[in-house]
Amino acid sequence: MSTDRTAAPAETKPRRLSSTSAVAMPSSTRRILAPAAFVLGLAAPLLAGANTGLAISLSLVVMVASLLLGALRDRVRAAIMPITLTAVASVSMISSGAPNIWIVLAFAGAAFFGHTFGTAIRARKEAREDVILPTDPASVPGRTVLLWRMGREQFEVLDPSEKRLRTVIKGPKGNIPTSIELRRGTAGLDILRPGDVPIAVLHAGDVGTGPWYEIIDPIVAPGPGQPIPANPSTAVLLDRTTEAAVHFSRTGEPSPSAPWAPSTRR
């Protein structure tokens, strides 16, 4: 828990911004091939003597489910879930042997058809949405803008509370943000997960010109017969990061208790 008692304005409600990248409309070739794949995939088990009712009904279920999944805003789930659905549905068909094993082809064609037109629905919907850009910190003097990104999705809150900062840094509902930015005037504090360290915290008095500084634990050589000091745990790093974020959000300044050093990440 942060010990910073500086009064802070009430935070605004989270605002979903426009995605960093738009969903591309499937090509005309794919939109032509998808229905053909559905028809041919369904024809294969019917011609092979598979159960007609089973093949048609299950293929339609897979097709509708893939259509709905393909239209999801979360494009990772939109790509993975139809494949998972098809694989799970195919297990019982494969185990039943011929001729129902041919229904697997119907599932594949149905999933391809559904996902293609689900993606088209998502692309068309996003093309009609209004563009919502992040707030320019210069337009809200004396206030802090919090921006975090998860994949292509990005969200914004003005004057975030300590609870909000802790939740975002830890990861809302287990979804770890790829980047977190706090801006107050020209100053900025970035929270990254670069891979070489669990979490990196950077600060600049002017994000346009720099320089950037990073919280880096000093290397302390152990004394004779002393064990090598352990690196801070992830929990300690998260607490320190939250404290630095809260202090910056209220003051625009780097946390005085953190060990800052020039950064090479900017």
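Which residue in strand 8 is the bridge partner of Y213? In this predicted model, the bridge partner of Y213 in strand 8 is P262.

Strand 7 covers residues 212-215 and is joined by three bridges to strand 6, residues 200-204. The two strands run antiparallel. With strand 8, residues 260-262, strand 7 again pairs in the antiparallel sense, over three bridges.

**Strands 4, 5 and 6**

Strand 6 is also joined to strand 5, by five bridges, and this pair runs antiparallel. Within that pairing, G188 stands opposite A204 in strand 6. Strand 5 in turn is joined to strand 4, residues 179-184, by six bridges, and these two strands run antiparallel. Here R184 stands opposite A187 in strand 5. Strand 4 and strand 5 form a hairpin with two residues between the strands, and in this hairpin G185 takes a positive phi near 65°.

The pairings are set out below.

| Strand pair | Bridges | Sense |
|---|---|---|
| Strand 4 and strand 5 | six bridges | antiparallel |
| Strand 5 and strand 6 | five bridges | antiparallel |
| Strand 6 and strand 7 | three bridges | antiparallel |
| Strand 7 and strand 8 | three bridges | antiparallel |

**Burial of strand 5**

Strand 5 spans residues 187-192 and is mostly covered, with six of its six residues buried. In a regular strand, side chains alternate between the two faces of the sheet. In strand 5, A187, L189 and I191 point one way, while G188, D190 and L192 point the other way. The residues of both sets are buried, D190 included.

**Helices 1 and 2**

Two packed helices are described by the angle between their axes and the distance between the axes. Helix 1, residues 28-47, packs with helix 2, residues 52-70, at an angle of about 155°, and their axes are 9 Å apart. Angles over 145 degrees count as roughly antiparallel, and helix 1 and helix 2 are therefore roughly antiparallel to each other. Helix 1 passes helix 2 in a right-handed crossing.

Which residues of helix 1 meet helix 2? They are F38, L42, P45 and L46, and on the side of helix 2 they meet T52, A55, I56, S59 and L60.

Note on methods. Residues are numbered from 1 along each chain as its sequence is written. This is a predicted model: local features need pLDDT of at least 70, side-chain atom pairs count only at pLDDT 80 or more; totals for chains, interfaces and linings use all residues. Side-chain values use heavy atoms; hydrogens and water are left out. Axes are lines fitted to C-alpha atoms, for helices over the stretch in contact, and angles run from 0 to 180 degrees between N-to-C directions. Helices (H or I, at least four residues) and strands (E, at least two) are DSSP runs, numbered from the N terminus. Angles under 35 degrees count as roughly parallel, over 145 as roughly antiparallel, 65 to 115 as roughly perpendicular and the rest as oblique. A crossing is left-handed if the near helix is turned anticlockwise from the far one by less than a right angle, and right-handed if clockwise. Contact means heavy atoms within 4.5 Å. Two strands pair if DSSP finds at least two bridges between them. Buried means under 20% relative accessible area, exposed over 50%, partly exposed in between (1.4 Å probe, protein chains only).
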